[in-house]
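Subject: Structure handover

Hi there,

Here is the structure I promised to pass on to you. Please have a look at it first, and then read my notes below.

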Amino acid sequence: KFEFNPKDGIDNPALSLAEDTAGEGEGEPRFYLLSKGSAETFGFCLHEELGCRGHIIRQVELGGLAQRRGLQDGDRLLQVNGQFVDHMDHRKVVQKIKASGNQVLLAVLDGDSYEAAKDLGRDLSQMLPTDIRPRLCHVTRDKSGFGFSVSGPEGMKGTFQLSVQQDGPAERAGVPPGSWLLELNGASVRSYSQTQLARKVHAPGMGGWGTGVSNVTEYPAFPIQIKQSGSKVTLLVASSAVEEFYRLRGLQIMATLADTSWLPFKVRELHMVKGPAGYGFLLKEDDCISGAIGQFLWDVDAGLPAEQAGMKEGDRLLAVNGESIEELDHQQTVLRIRAHDDQVTLLVIDPAGDEFYQSVGFGNPVWSLPG
């Protein structure tokens, strides 16, 4: 569990590095793709220290996962899941790491280089690539199809590049032209041959996006239509630049690192100031679609602050005042809401969005927030 202590820092959950980043030059940012384990500790703490700048890596456990992979005492954390965090409030950075779930991508810089760059007034964000996240895109078919076709070398598994119709459904859903297909409806295509993918997704008599668009590679393209998906399909894709970033570092691209800003399913932030009759809603504990226990919002009273803020019956509560409630029980959540007497900010998601995120493997989409 994360435990915040302003003196001692934050103990992070058990995480393990996917690959080493050996060979990166001194003074350059280093990238670590971390996967949480249930029975381990991560082996370091994240500190905010009086008189020191930045989010500081401390208490690197001797022989622990972090040390074995190269994380060093005094390193400064610059980026979490592709987002620059050096300028952010420390607690907010902790929440971003915590809310990222089982995987998180961190970029760090050694302490001496960090201090030297700060003394020179250098913009540290310029040391980092601006776009290192794959995209999760939800495509709705129109009369011409989904607006993309797939090409790939015969005999090579898991290598599928997308041609995208200009102003077609796929492009409108955020699929970059020439991007690489990683997952289809939450399932990895890494083990598929072209024949297997075509057999899985092609429905006779229903084309892809028609004619007039040239292939993005020398490989033959084939139209794609999704069985068992009706008129919608969810794709995890990576641009060539993003794919190269991960490949050069020996890192695996994971869906939990994806940019979700293109998705039609959004979490909503509700800010409420308590009125004479209270906020005007009830919080109930119930089973989530995944089978886990969640906190849901019901009995929203007409005309009171909750309804005025946009709360809908059946919304699932994700965070209170910017802090995830994923590990809290019902009573703890109620106390969190009551911590400020007269106002509160809730992060919620509606049932349709909740079901979507569960279907692609995200139990809590708090991590996807840009801020």
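A word on burial before the details: a residue is called buried under 20% relative accessible area, exposed over 50%, and partly exposed in between. Asp299 has a relative accessibility of 33%, so Asp299 counts as partly exposed. Please keep in mind that this is a predicted model.

Salt bridges

Asp299 sits in the loop between β17 (293-298) and α7 (305-309), while Lys284 belongs to strand β16 (residues 282-287), so the bridge ties together parts that lie 15 residues apart in sequence. Lys284 is partly exposed too, because its relative accessibility is 39%.

How many salt bridges does the count come to? The total is twelve. One of them joins Asp73 to Arg58, with 2.7 Å between the closest N and O atoms. This pair links distant parts of the chain, with Asp73 in the loop between α1 and β5 (76-80) and Arg58 in strand β4, 15 residues apart. Asp73 has a relative accessible area of 48%, so it counts as partly exposed.

Asp86 and Lys118 form another salt bridge, at 2.9 Å from N to O. Here the two partners are 32 residues apart: Asp86 lies in the loop between β6 (83-84) and α2 (90-99), and Lys118 in helix α3 (residues 111-119). Are these two side chains buried or exposed? Asp86 is buried, because its relative accessible area is 11%, whereas Lys118, at 29%, is partly exposed. There is also a network of salt bridges that links Arg53, Arg76, Glu115 and Asp119.

A patch of charge

On the surface, Glu285, Asp286, Asp287 and Asp329 gather in a patch of negative charge. Asp329 is found in the loop between β19 (323-324) and α8 (330-337). With a relative accessibility of 39%, Asp329 counts as partly exposed.

Aromatic pairs

The count of aromatic pairs comes to six. Phe146 and Phe148 make a tilted pair, with 6.3 Å from centre to centre and 45 degrees between the planes. Phe146 is buried, at 0% relative accessibility, and Phe148 is buried as well, with a relative accessible area of 0%. In Phe356 and Tyr357 the ring centres are 5.6 Å apart and the planes stand at 75 degrees, so this pair is edge-to-face. Both Phe356 and Tyr357 are buried. Elsewhere, ring pairs join Phe31, Phe245 and Tyr246 into a cluster.

Backbone points to look at

Most residues other than glycine have a negative phi. Which phi value does Gln59 have? The phi of Gln59 is near 50 degrees, a positive value in a residue other than glycine. Gln59 lies in the loop between β4 (55-58) and α1 (65-69) and, at 47% relative accessibility, is partly exposed.

Asn185 also has a positive phi, near 55 degrees. Its place is the loop between β11 (180-184) and β12 (187-188). Asn185 is partly exposed, with a relative accessible area of 33%.

Happy to talk any of this through.

Best wishes

Note on methods. Residues are numbered from 1 along each chain as its sequence is written. This is a predicted model: local features need pLDDT of at least 70, side-chain atom pairs count only at pLDDT 80 or more; totals for chains, interfaces and linings use all residues. Side-chain values use heavy atoms; hydrogens and water are left out. Patches are made of residues with over 30% relative accessible area and no salt bridge: like charges are joined within 9 Å, nonpolar side chains (Val, Leu, Ile, Met, Phe, Trp, Tyr) within 5 Å. Accessible areas come from the Shrake-Rupley method with a 1.4 Å probe; for residues, only the protein chains shown count as cover. A salt bridge is a side-chain nitrogen of Lys or Arg within 4 Å of a carboxyl oxygen of Asp or Glu. Lys and Arg count as positive and Asp and Glu as negative; His and the chain ends are not counted. The place of a charge is taken as NZ of Lys, CZ of Arg, CG of Asp or CD of Glu. Helices (H or I, at least four residues) and strands (E, at least two) are DSSP runs, numbered from the N terminus. Buried means under 20% relative accessible area, exposed over 50%, partly exposed in between (1.4 Å probe, protein chains only). Rings of Phe, Tyr and Trp (its six-membered ring) pair if their centres lie within 6.5 Å; planes under 30 degrees apart count as stacked, over 60 as edge-to-face and the rest as tilted.
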